[in-house]
Amino acid sequence: GNNKPRHCLNRLPNFVRWMRFVSPVEPLLLLRWLRSTDPLVRQAVADVWGVSTDFYWKPIDRLGIAGELFTGQALGTCNAGVLQGINADTLEGIEASGGWIELFTYWTQCVHSHVGYGIDDPKNADVALTGRTKNETYFANTLWDINPTFRVGFELAWRETEYRAGLSNDGVGFHTQFQWAF
């Protein structure tokens, strides 16, 4: 006989369904299954779900605010849950909630700056003993759109990451960006 739990024997393909709704704040719903495999040892299929909403408001030509709020389970492949979708010990999905907000200004038609804050907060009880339980960031950047296909930017960020084992990892980062769009 096969001793694997029934949900591990799921032969269904990975499934993804995004649903968008048209409104000023654009809510988004995600439904899917996520398969996790430890080769030759175990396989699990976790339910994935998520709800998010994005907003963007530019009350005057040079100034605006944007952001996103989300909640869901097993959202690691969507860059949520501090990049954790499934608990490595239990093979269960990790619930997480969070979002980000930024204030932006256009100094000229080609130069703009953004200042903001973001948080990603998995449910601590869902996270593996060595897993991350919270990630926060504060950021400020300036971007120069040299032309419609090339952008240069600089960002200063402060990140705070907490771990279930009680550790933390905090620090400043400086990033450069060279983007060529085609």
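Which strands form a hairpin, and which residue in the turn has a positive phi? The legends below start there.

The model is predicted: local features need pLDDT of at least 70, side-chain atom pairs count only at pLDDT 80 or more, and totals for chains, interfaces and linings use all residues. Residues are numbered from 1 along each chain as its sequence is written, and side-chain values use heavy atoms, with hydrogens and water left out.

**View 1. The β8 and β9 hairpin.** Strands β8 and β9 form the hairpin, with 4 residues between them. Gly166 sits in the turn and has a positive phi of about 95 degrees. Strand β8 covers residues 150-163 and strand β9 covers residues 168-180. The two run antiparallel, joined by 13 bridges. Trp158 has Val172 in β9 as its bridge partner. Strands here are DSSP runs (E, at least two residues), numbered from the N terminus. Two strands pair if DSSP finds at least two bridges between them.

View 2. Glu136 belongs to strand β7, residues 132-147. Buried means under 20% relative accessible area, exposed over 50%, and partly exposed in between (1.4 Å probe, protein chains only). The Glu136 side chain makes a polar contact with the Tyr117 side chain at 2.4 Å. A polar contact is a pair of N or O atoms within 3.5 Å; within protein, one must be able to donate a hydrogen and the other to accept it, and residues adjacent in sequence count only if both atoms are side-chain atoms. Not counting residues up to four places away in sequence, Glu136 touches Tyr117, Gly118, Ile119, Trp158, Arg159 and Glu160. Contact means heavy atoms within 4.5 Å.

**View 3. The salt bridge of Arg151 and Asp145.** The structure holds 1 salt bridge. Arg151 and Asp145 meet through their side chains at 2.6 Å, N to O. The criterion is a side-chain nitrogen of Lys or Arg within 4 Å of a carboxyl oxygen of Asp or Glu. Arg151 is partly exposed, at 22% relative accessibility.

**View 4. Trp49 in strand β3.** Strand β3 spans residues 42-60. Trp49 is partly exposed, at 31% relative accessibility. Trp49 and Leu75 lie 26 residues apart in sequence, yet 7.5 Å apart in space, C-alpha to C-alpha.
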